[in-house]
Every structure is written in C-alpha cells, then in structure tokens.
Amino acid sequence: MEVTNRYVVIKHIIDGAPQESDFELRTEPLTLSIEPGKDEVIVKNLFLSIDPYQLNRMTSQSCFQQATNIAGALNPGEEIDGYGVGRVVASGNPEFKEGDLVSGFLSWAEYSIIKEGTSKFKGAKLNKVETMGFPLSYHAGFLGFSGITAFAGLFEVCKPQKGETVFVSAASGSVGSLVGQYAKLFGCYVVGCAGSQKKVDLLKEKLGFDEAFNYKEEIDLKSALKRYFPSGIDIYFDNVGAEMLEAAIENMNPFGRVAVCGVISEYTNEGKRAALNMVDVIYKRITIQGFLAALEHLQSGKFHVLEDISRGVESIPSAFAGLSR
Ligand SMILES: NC(=O)c1ccc[n+]([C@@H]2O[C@H](COP(=O)([O-])OP(=O)(O)OC[C@H]3O[C@@H](n4cnc5c(N)ncnc54)[C@H](OP(=O)(O)O)[C@@H]3O)[C@@H](O)[C@H]2O)c1
C-alpha cells in the first residue's frame, strides 16, 4: 500500500526562540512494505515527545553539539528524530512484526522508517512496548525520558532526606511536575515556580506542591525565594538556569544540592547565563551537578501525569515553538 507521509523539517538554523515559521511541513509518497532482505521497520507514529533539548540541536551556537555525541546537530531539510511511540506497519527485522507497539527514536512525521544506525542518537534502538494498562502516551513521557530524568535527577543526584526543602523550576513541565510529586511522596517540603497563575494553581491544587509562585510576577527572585524558604533550600532541581539559578544559590542551605537538569531560559539566548556567587558555593559547600539521562505510584493513582497533546503532524511546529513561550 502507498501512503502520503507528512513530515516536519527546519527551514534554517534557528537562533533565538523557535517560531512556527521556522518549520516546513513536507510530503512524500511512502510504500508500506519492506524490500526482501532489508533490515528495516516502518512505524506509524502515535505519540511524539516534543522536548526542549531539540532546540540545542537546531541552533548554530550550542556547545551541546560538541560536548556530547548523544544527539547530533540537525540541518535544514533533514529528518528530525525524537522520542516517541508507535505501531509497526511493516518489518524486515525478525525482532518486530506488524502490529507491535514500539518506542524509540522516531521521526517528526506520520511514519518513521527505522534503519540500523540511521538515528543521530547514539545507541538509539527500537523497543517493544508493554502498555501495562497505562495509556500509550505515558510511554512517551512519564514512562519514557521525562520519568527517568525526574527520578534519576532527584534521587541519584540530589539524594533527598525526609523533611528537606526542595525547590523545582519549570515545575509544571513534563520533568518538573514529576520531580515535585516524587519529592512530596518522599516526605519533602516542595515549592515550584511556573509562568502563569493557572499553572501555579495546578501545582498546588492537583499535584500537591506545598507552595507555588508565578516567577513572571516577581520583581526580585532572590527575595521571592527567601519568602518561600525562610529556613533555606536544601535541594534545587534546576530546569531553567540563569537568574533563577543565581537566586536559588543565594538561598541554599549549607551542603545544599543542585541538580542542573536543564537551562531552558538560556537555550534561545546566547547572552543569558547564570553568574553564580561562587563564594556562596564554597562557604556553603554546595554541590552543583549536571546530569543526562517508577511505576508503582502511577499504578496506585498517586501520580498525576500532565500531558499537552496536539494532534496531527502539522501541529508539531506550533507545539515546539510553544515550549519557549
Ligand atoms: N538532563 C537531562 O537528561 C534532561 C532530560 C529531559 C529534559 N531536560 C531539561 O529539563 C528541562 C525541562 O524539560 P521538560 O521536558 O520538563 O520541559 P517542558 O515540559 O517542555 O516544559 C518547558 C517549560 O519551561 C518553561 N520555560 C520556557 N522558557 C522559559 C524561560 N525562559 N524561563 C523559565 N521557564 C521557561 C515553560 O513553563 P513556564 O510557563 O512555567 O515558564 C515551559 O512550559 C529543560 O531544560 C530540558 O532541556 C533535561
């Protein structure tokens, strides 16, 4: 059978915040069968995770492209690969058969053609998905990268103790929302920040954060954090970098831990960087660690999974541009 495959590419290198107009929707005919002897798999994409790190693959100025070979630079017109889940529609690979649900690095497209060694993600491979009764979309987020990132960042990097104070930025995001919930379940006092009152309400009312605030309404982030943490911050889970990281460092307690998960506010602004008070870091003996990347709480209903699903391959550019708004 032949279909029209629609896919998204970047038109040019993107410096600054991405706009929908930076992307182009292209079409090409695709035959849903594999030539005999070819070790390929064709996947109908069902859910794609639209992630901020992709920005660093699309810019000209990112050190990310030199510092790691995990996800290579993306060039204009090239296929964009990203994490997702889908269903096998044709397979020349004995490990997969038509109808299998799979996760892995798919294309920003309606269909992905997975060939050995084509993904720019080192070691990327397709895995079969057992849904375990969860919605399939969870396997692109909570049971995929975001869940692993939140869990590893909090427990492996920050090593929380019961009763400690935890601050999470971009707290209503895919990673931050899980970090805050993990920390609450573990017995910490958790405050999150987000960019709207609606998100702040969600953090407090649905996700069980002890406190939350809208960072866009704060004139002075250092004094805002002093207000929410009068006895200081033990753990800061940083998703945004720049002035939020500076403010957190100023409010950290001795032996505080900072997990630098991401610095989204810096991704689109080369001139924006945190200028840390290193004297604070030394005298408070703060550990700052970057890192690259649980199921029973989900089953018990203790976790709320936040998803923002947009439909159709043509909606990818607006979903992606929306990440930095
Ligand atoms: N280290 C790793 O292995 C790893 C893995 C996954 C993700 N990450 C990083 O973790 C961070 C969060 O990822 P995610 O998937 O949770 O993101 P997400 O769900 O896409 O959420 C992104 C949120 O960040 C906030 N944001 C955007 N621009 C901002 C700015 N200039 N200043 C402050 N906040 C801003 C926005 O929320 P507001 O409305 O609240 O501003 C936006 O909704 C990102 O930095 C990402 O790169 C790292």
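Which residue in β6 does E40 stand opposite? The residue is K115. I will come back to that pair once the layout is clear.

First, the ground rules. This is a predicted model, in which local features need pLDDT of at least 70 and side-chain atom pairs count only at pLDDT 80 or more, while totals for chains, interfaces and linings use all residues. Residues are numbered from 1 along each chain as its sequence is written.

Let me start with the domains. The bounds come from an automatic or database domain assignment. That assignment gives domain 1, residues 2-141 + 310-324, and domain 2, residues 145-299. Their C-alpha centres lie 29 Å apart. Twelve residues of domain 1 are in contact with eleven residues of domain 2; contact is counted when two C-beta atoms, placed from the backbone, lie within 7 Å. On the side of domain 1 that touches domain 2, six residues are nonpolar, six are polar and none is charged. In that count, Ala, Val, Leu, Ile, Met, Phe, Trp, Tyr, Cys and Pro are nonpolar, Asp, Glu, Lys and Arg are charged, and the others, Gly among them, are polar.

Next, the ligand. The ligand is surrounded by 27 residues, and the closest are G173, V175, G195, G262 and S265. The shell divides into 13 nonpolar, twelve polar and two charged residues. Three helices, α3 (145-158), α4 (174-186) and α8 (264-267), each supply at least two residues of the shell. Helices here are DSSP runs of H or I with at least four residues, strands are runs of E with at least two, and both are numbered from the N terminus.

Now the sheets. Strands of a sheet pair through backbone hydrogen bonds, either parallel or antiparallel. Two strands count as paired if DSSP finds at least two bridges between them.

Elsewhere the pairing is parallel. Strand β8 (residues 165-168) is joined to β11 by three bridges, and V168 has F237 as its bridge partner in β11. On to β12 (residues 252-260), which pairs with β11 over five bridges, also in the parallel sense. There, I233 is partnered by M252. Between β11 and β12 the chain passes through helix α7 (residues 242-251), making a right-handed β-α-β crossover. Right-handed means that, with the strands pointing away from the viewer, the path from the first strand over the helix to the second runs clockwise.

Is strand β11 buried or exposed? Six of the six residues in β11 (residues 233-238) are buried, so the strand is largely enclosed by the rest of the structure. Buried means 20 or more other C-beta atoms within 10 Å of the residue's own, exposed means 12 or fewer, and partly exposed is in between, with C-beta atoms placed from the backbone.

Strands β9 (residues 189-194) and β10 (residues 211-214) pair in parallel over four bridges, with A194 partnered by N214. F209 sits in the loop between α5 and β10, and it counts as buried because 27 C-beta neighbours lie inside 10 Å. Beyond its neighbours within four places in sequence, F209 is in contact with residues including A171, G180, V190 and L203. V190 is 19 residues away from F209 along the chain, with 5.5 Å between their C-alpha atoms.

Finally, two backbone details. M132, in the loop between β7 and α3, has a positive phi of about 55° although it is not a glycine. F255, in strand β12, also has a positive phi, near 65°. M132 counts as exposed with 11 C-beta neighbours inside 10 Å, and F255 counts as exposed with 10.

Terms used
Near = placed C-beta within 6 Å.
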